Amino acid sequence: MSDQQDRILRLFIEEAKEHLDTLENGLVDLKSTMKDPESLQEMFRAAHSVKGGAAMLGLDSIKTTAHRLEDCFKILKDGPVKQVDQTAESLFLKGVDTLKDLVQRMSGPFGLRNEEGEKLVQQIMPAFAQLETHLNNLVSGKVAGVAAKSGSSGAAPTVSTTNFTASVMVLLKEMLQVFKAKESAATRQQLSDLCVRLYKLGTGIESWQSLVKTARVAIANPKNSYKVLAPLIIKELKDAGDLVQGGKVKAIAPSKNLLLLAASPQVAAAASVPPTVAASGSTALPAEPKAVVKLLLKTFNKKQLSEIAKLLIHAIKSSP
């Protein structure tokens, strides 16, 4: 491979990873993404861009996988699907995981071998077929897009909770090691990736996934230090894992302090959170109150928003 070809390949890999971040971030809360046509269009473009770059470079396995994702996003984009369910979200995540695996192998020291790529594509194709059929059923109204609310309705979760605590602890140990590293964009991304894995671990348990999403938002804010985040997030996820194991998923909810850190350090300060819990510094919030409300609605569910509202009312009453 010539130096120029190598540079082109490296550029493709770098851009593909950015597109994968877009896909992963959108899929972590696909129900909210569905409410924003521009976000959905951005995910469609991300899959399309990876497909185009892979086709240009002759990377057939990556091209095929990205193309299938693109086709499925097109159904969401063009069809009258107002609300998706956990099945669609989980199948989409499987597809993105495969694409991510292919790109990571391509960036490795030995590159992506054709037989490796073909094997991964063959393994994911049944999931894509299932996803496409499921999405078309959602469009036609054959499947209600409100399935998998087990975490809030009390129905039996779709995920097996056997050894759930042990699985959570494996990921939390990895998370703790990252928290001990130097704070940087790279380590925050590692923590975000671990949150995605924890989210997938609780497929079908809405209360668990809501907690993980809140933790991920708090981690993403560079104003929240690891010293503050680590003990809070590790403890809450560990306790929640125990609740899942014990069949008490309805008891899972982000704490007041985690909600405040996820909202913003400014809100935490306004609500008089102790310095040991509130993150230092401040972060820029939209100047328009309506924009702030839109941001909060996109980030939190109804139960979390209700808790935040109570905290704000308390802070306003307590202020001089």
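This is a predicted model: local features need pLDDT of at least 70, side-chain atom pairs count only at pLDDT 80 or more; totals for chains, interfaces and linings use all residues.
Which ring does the charged end of Lys-77 sit over? The ring belongs to Phe-44, and the charged end lies 4.6 Å from its centre.

## The chain as a whole

Let's start with the overall picture. The chain has 320 residues, and buried ones make up 46% of them. Its secondary structure comes to 15 helices and zero strands. Among contacts with a separation of 6 or more, 73% join residues 24 or more positions apart.

A word on confidence before going further. The mean pLDDT of the chain is 80, and 80% of the residues reach 70 or more.

## Helix H3 and its surroundings

Helix H3 covers residues 37-57, 21 residues in total. From first C-alpha to last it reaches 30 Å, close to the 30 Å expected at 1.5 Å a residue. Its buried residues include Met-43, Phe-44, Ala-47 and Lys-51. Just after H3 comes Gly-58, which takes a positive phi of about 75°.

Beyond residues up to four places away in sequence, Glu-70 touches Phe-44, Ala-47, His-48 and Lys-51. Is Glu-70 buried or exposed? Its relative accessible area is 7%, so it counts as buried, the cut-off being under 20%. Glu-70 and Ser-49 are 21 residues apart in sequence, with their C-alpha atoms 9.4 Å apart in space.

## The nonpolar core

The largest nonpolar core has 79 residues, and those touching the most other members are Ile-62, Phe-73, Leu-76, Phe-92, Met-175, Phe-179 and Trp-208. Helix H11 gives the most to this core, with 10 residues. Phe-73 shows what such a position looks like: leaving out residues up to four places away in sequence, it touches Leu-23, Leu-27, Met-43, Phe-44, Ala-47 and Phe-92.

Ile-62 also turns up among the contacts of Val-103, together with Ile-13, Ala-16, Lys-17 and Leu-20, again not counting residues up to four places away in sequence. Val-103 has its place in helix H5 and counts as buried because its relative accessibility is 1%. Between Val-103 and Leu-20 there are 83 residues of separation in sequence, yet 9.3 Å in space, C-alpha to C-alpha.

## Aromatic pairs

How many aromatic pairs does the structure hold? There are three, and two of them are described here. The rings of Phe-164 and Trp-208 have centres 5.2 Å apart and planes at 85°, so this pair is edge-to-face. Because Phe-164 lies in helix H8 and Trp-208 in helix H10, the pair ties together parts that are 44 residues apart in sequence. Both partners are buried: Phe-164 has a relative accessibility of 1%, and Trp-208 a relative accessible area of 0%.

Phe-179 and Tyr-226 form another edge-to-face pair, with 5.5 Å from centre to centre and 80° between the planes. This pair links distant parts of the chain, with Phe-179 in helix H8 and Tyr-226 in helix H11, 47 residues apart. Phe-179 and Tyr-226 are both buried.

Helix H9 (residues 185-201) has 17 residues and a reach of 24 Å from first C-alpha to last, close to the 24 Å expected at 1.5 Å a residue. Among its buried residues are Leu-191, Leu-194, Val-196, Tyr-199 and Lys-200. The buried residues of H9 pack against five partners: helix H1 (3-28), helix H5 (86-106), helix H8 (164-179), helix H10 (206-220) and helix H11 (226-245).

On the H1 side, Glu-24 is worth a visit; this residue is found in helix H1. With a relative accessible area of 4%, Glu-24 is buried. Setting aside neighbours within four places in sequence, Glu-24 is in contact with Asp-97, Lys-100, Asp-193, Val-196 and Lys-200. Of these, Val-196 and Lys-200 are listed among the buried residues of H9.

Note on methods. Residues are numbered from 1 along each chain as its sequence is written. Side-chain values use heavy atoms; hydrogens and water are left out. Helices (H or I, at least four residues) and strands (E, at least two) are DSSP runs, numbered from the N terminus. The expected span of a helix is 1.5 Å times one less than its number of residues. Buried means under 20% relative accessible area, exposed over 50%, partly exposed in between (1.4 Å probe, protein chains only). Contact means heavy atoms within 4.5 Å. Rings of Phe, Tyr and Trp (its six-membered ring) pair if their centres lie within 6.5 Å; planes under 30 degrees apart count as stacked, over 60 as edge-to-face and the rest as tilted. A charge sits over a ring if NZ of Lys or CZ of Arg is within 6 Å of the ring centre and within 35 degrees of the ring normal. A nonpolar core is a set of buried Ala, Val, Leu, Ile, Met, Phe, Trp, Tyr and Cys residues joined through side-chain atoms within 4.5 Å. pLDDT is the predictor's confidence in each residue, from 0 to 100.
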